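Me: Please show the model and take questions on its overall form and on selected residues.

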Amino acid sequence: MKKFSRTELYNELLKNSLKDLSDKYHINYNQFSSFCHQNNIPIPGPKYRMYLKMKRDVSNLIKPLPIAETDIIYFRTSDENEDIKNELKELNDPLKIEQIEQVLAEFKYSSKKSLSSKVRNFKKSIQNWKKENPYDDHSYEWYKWYSDEQKPKFMDDISPKELPRLYRLLDRIYLIFDQLGEEVKDDFTIIIGGKDEVPFSISEYKDNIDHRITKEEQAELNEYEKKRMIDPDLAYKPRIRKYDHPYNGRFRIKFDSYPYHAYIRDTNKGKLEDKISQIIIEFYKDADCKIKLNT
């Protein structure tokens, strides 16, 4: 179930095609067209789109939005609510499931709004760490295990370029759990039901590409060749890696606490931001699995 404002949807249709919006909201094109007609929302025609693209006057081609009793409308698929019920049926808590359904249906996120104070504080903790540890290189895996200092979560697995996206994703997660009455600590430890911590990680995938030799490495190779011609026994070939592993911008959220294991990742069909309902459901399934394990 998706919540819309008739006015906002009408204004969006004046700037974007119906196809663009059906892709944006992950709704079948024909179903979305019917939905707009059923709620008396005018859809601009091909001539309007052509004039708009040509930057010609379109004022005479705009149909006003008819008045309706309510501005809030809902797009419901026949199986969407059933999917959530089926996913969470093991909770054995109809009231909680209903609350989760309602919050997820009504949740609407705007990236234009400032981050919540919870995420701003978390962002600041990462910035402070970088200031206090300017020479920290998180490429050394041993550092994660042997450092006595507590490094903020996620920063070892996300490139600096994608940190703003991380903050926005965490903001979505926090705002939903806040509405659901769950506890989110400052370090983004999430407590479900007041007692069950659900460990999770968010990481960015890396590509595996052939290493491009740097000028410094080429100079080392040239020096090696010179020494090898003079005295092969004293020449040591520099160790140069075969592959580079640059971050590629694709995210994964992973739930990996015994006995529950699951992950959700970016795909061509949608990013994690488009799968926020599924992410929230996984938190509850993980917590429920722990409860059953301990009873």
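The questions and answers below go from the whole chain to single residues.

Reply: This is a predicted model, in which local features need pLDDT of at least 70 and side-chain atom pairs count only at pLDDT 80 or more, while totals for chains, interfaces and linings use all residues. Residues are numbered from 1 along each chain as its sequence is written, and side-chain values use heavy atoms, with hydrogens and water left out.

Me: How many helices and strands does the secondary structure of the protein come to?

Reply: Helices (H or I, at least four residues) and strands (E, at least two) are DSSP runs, numbered from the N terminus. On that basis the protein has eleven helices and ten strands.

Me: Why is the protein described as more spread out than a compact globule?

Reply: The radius of gyration is taken over C-alpha atoms, and the globule rule is 2.2 Å times the number of residues to the power 0.38. Along the principal axes, the C-alpha atoms fill a box of roughly 90 × 65 × 35 Å. The protein is more spread out than a compact globule because the rule gives 19 Å for 295 residues, whereas its radius of gyration is well over that, at 26 Å.

Me: What percentage of the contacts in the protein with a separation of 6 or more comes from residues 24 or more positions apart?

Reply: Contact means heavy atoms within 4.5 Å. Among contacts with a separation of 6 or more, the share from residues 24 or more positions apart is 68%.

Me: How far apart do the centres of the positive and negative side chains lie?

Reply: Lys and Arg count as positive and Asp and Glu as negative, with His and the chain ends not counted. The place of a charge is NZ of Lys, CZ of Arg, CG of Asp or CD of Glu. The protein has 54 positive and 52 negative side chains, and the distance between the two centres is 6 Å.

Me: Is Cys-36 buried or exposed?

Reply: Buried means under 20% relative accessible area, exposed over 50%, and partly exposed in between (1.4 Å probe, protein chains only). With a relative accessible area of 0%, Cys-36 is therefore buried.

Me: How many disulfides does a search of the whole structure find?

Reply: A disulfide is a pair of cysteine sulfur atoms within 2.5 Å. Over the whole structure, the number found is zero.

Me: Where is Asn-40 placed?

Reply: Asn-40 also has a positive phi of about 55° although it is not a glycine. Its relative accessibility of 45% makes Asn-40 partly exposed. The place of Asn-40 is the loop between helix 3 (29-38) and helix 4 (46-53).

Me: Which residues is Lys-285 in contact with, leaving aside its neighbours within four places in sequence?

Reply: Lys-285 is in helix 11 and is partly exposed, with a relative accessible area of 24%. Beyond neighbours within four places in sequence, the residues in contact with Lys-285 are Glu-87, Leu-88 and Tyr-260.
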